[in-house]
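Colleague: I have a model open and want to learn how to read it. Where do we begin?

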Amino acid sequence: MPSSTISAPSPGTPSFAELFTPKLVTILREGYGLANLRADAMAGLTVAIVALPLSMAIAIASGASPAQGLYTAIVGGFLVSALGGSRFQIGGPAGAFIVLVATTVQQHGMGGLILATILSGVLLAAIGLLRLGTYIKFIPYPVTVGFTAGIATIIFASQIKELLGLTLSEAEPGPLLDKLPVLWANLPTADTGTIILALVTIIVIVGVKRLRPHWPGMLIAVAIAGLATALLDLPVTTIGSRFGGIPASLPMPSLPAFDLQKVQAVLPSAIAFTLLGAIESLLSAVVADGMTGRRHRSNCELVAQGAANMASGLFGGICVTGTIARTATNVRAGAHGPVAGMLHSVFLLLFVLVAAPLASFIPLASLAGVLAVVAWNMVEKQAFATLIRASWGDAAVLLATFFLTIFRDLTEAIIVGFALGSILFIHRMSKATVIETHVPLVPEDKPDSANGGRTPYDEAAASDPEVVVYRISGAFFFGAAASIGSVLDRIADTHRALVIDLSAVPFVDSTAANTIEGLAHKAARRDVSIYLTGISPAMRKDLFAHGIRPPLVHYASSVEEAVRHVHSGGAARTL
């Protein structure tokens, strides 16, 4: 019987075709039938219903027109799905970009925003073609949680004026510390009808999500608010009164006016769009992978994001990226592949061509209510609290990123957060390095065989091909979590029990703990038992802080003990 203890393979360099073949081509090669088309059509319609109010709301909050948000979802969303490296990615305008886009519009005007969007597309495509997408995943987990929470805070603050119907005597400031005093001073101008519409929108969205979670709560809420505004002739600001409605057609593609000086001026914004777009789109693809067990092609995805941003800019749209909420909706709606995302764009185009006049009655207070709910949902509240409790280092990285995002700049927040995470890693590595005068040999841990394969820990493990023992050596941190997680995922797919020996791991950071937790939940759905061995008391404390505890996983003092419990059908004792 071959050994059940395996080592991570050393894969060769993937070919260009393996890295950059769109998933659309892959599913067509597999065979695409009428049943697949039906599933994709239903999923695409579901996502379009969700994306319709969101695209307009995000564009308005960004300082653009609602039509530009729809153009972005139609043109950019179609290309993200058609050319991308993820089966289920849905592209479009994202709440994470609101702050950056609004700032760019204020500094460089709409022409500058469109130019920055096109330049960002060029940079994203270059990053993908240079195969640098793999390195985006090195962003530490506390940084992503921190900047997401910071962006959500700014999004909500940006909607206070529309939620309350305030009338300002001057332009609304962008920075939060400047904005809040102005809003407070103008609080007496709040409009009761606007507040009621916003509250009704939020209540309907939350109520539908609880009572009928599969119904399109956001569209229902916006439709009710629009209907009430039209029938009762409510004196509130609408899309029609502020923007004159939505054109019933797509504009012709055109390049914005630019010169070298203009390019240099908007380049910092383009770089910020590129960095955030790469992170956001790949995070969204990872979420889809976790929900489906699939694997996305990160570099192909970035090339598609680049093409989508260039095309969106040519049609007058704004930044395009992978959207986590709409991608998750696509998966839950039963999508088979990228055709669902392409059809979602087609359905949005039909709305523009057929029902654009109806959008004029949508009150801005209702769209502000939609964004208030989006901001609340963006905050990973449980992850935020866990990281605060887990360790002072992760808490410092999280809070630094969070506050810099709110009070300084998103790009600066990510750079500082990454730097702090790197310093924290170096600090932990120095603490974990120990020089011992004598290291006792473990009799069961036999020497490696001549071909590089590790000899089984004991003969009992080798006798059971459904039990696999995996030993991780070295630091298990954010830089290694993605590759280790993918190997462990593949192992968990084909075995009934997975024993992970961490005796040679000096520490586990929050990103690695999140990887173990995700693996454990996936294994639980497949009735695969996870055993962790060789855990130090300090490491066990960190894992417990992240919720990695029985019965989700089992702990054993040694590999031999874990294997015996697997064979006996019992759970290992907790250390």
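**Cores, a bent helix and a strand pair**

Modeller: Begin with the largest nonpolar core, which has 71 residues; Met56, Phe147, Ile239, Ile246, Phe273 and Leu367 touch the most other members. Helix H3 (residues 34-61) gives this core its largest share, 11 residues. A second, separate core has 26 residues, including Ala513 and Ile548.

Modeller: This is a predicted model: local features need pLDDT of at least 70, side-chain atom pairs count only at pLDDT 80 or more, and totals for chains, interfaces and linings use all residues. Residues are numbered from 1 along each chain as its sequence is written, and side-chain values use heavy atoms, with hydrogens and water left out.

Colleague: What is a nonpolar core?

Modeller: A set of buried Ala, Val, Leu, Ile, Met, Phe, Trp, Tyr and Cys residues joined through side-chain atoms within 4.5 Å. Buried means under 20% relative accessible area (1.4 Å probe, protein chains only).

Colleague: Where is the kink in H5 centred?

Modeller: First, helices are DSSP runs of H or I, at least four residues, and strands are E runs of at least two, numbered from the N terminus. The kink in H5 is about 125°, centred on His108. The bend is the angle between axes fitted to the seven residues ending there and the seven starting there. Arg131, with a positive phi near 60°, follows H5.

Colleague: Why is strand E3 largely enclosed?

Modeller: Five of the seven residues of E3 (residues 467-473) are buried, so the rest of the structure largely encloses this strand. Strands pair if DSSP finds at least two bridges between them. E3 and E4 (residues 497-504) run parallel, joined by six bridges. Val468 has Leu498 as its bridge partner in E4.

Conventions: Buried means under 20% relative accessible area, exposed over 50%, partly exposed in between (1.4 Å probe, protein chains only).
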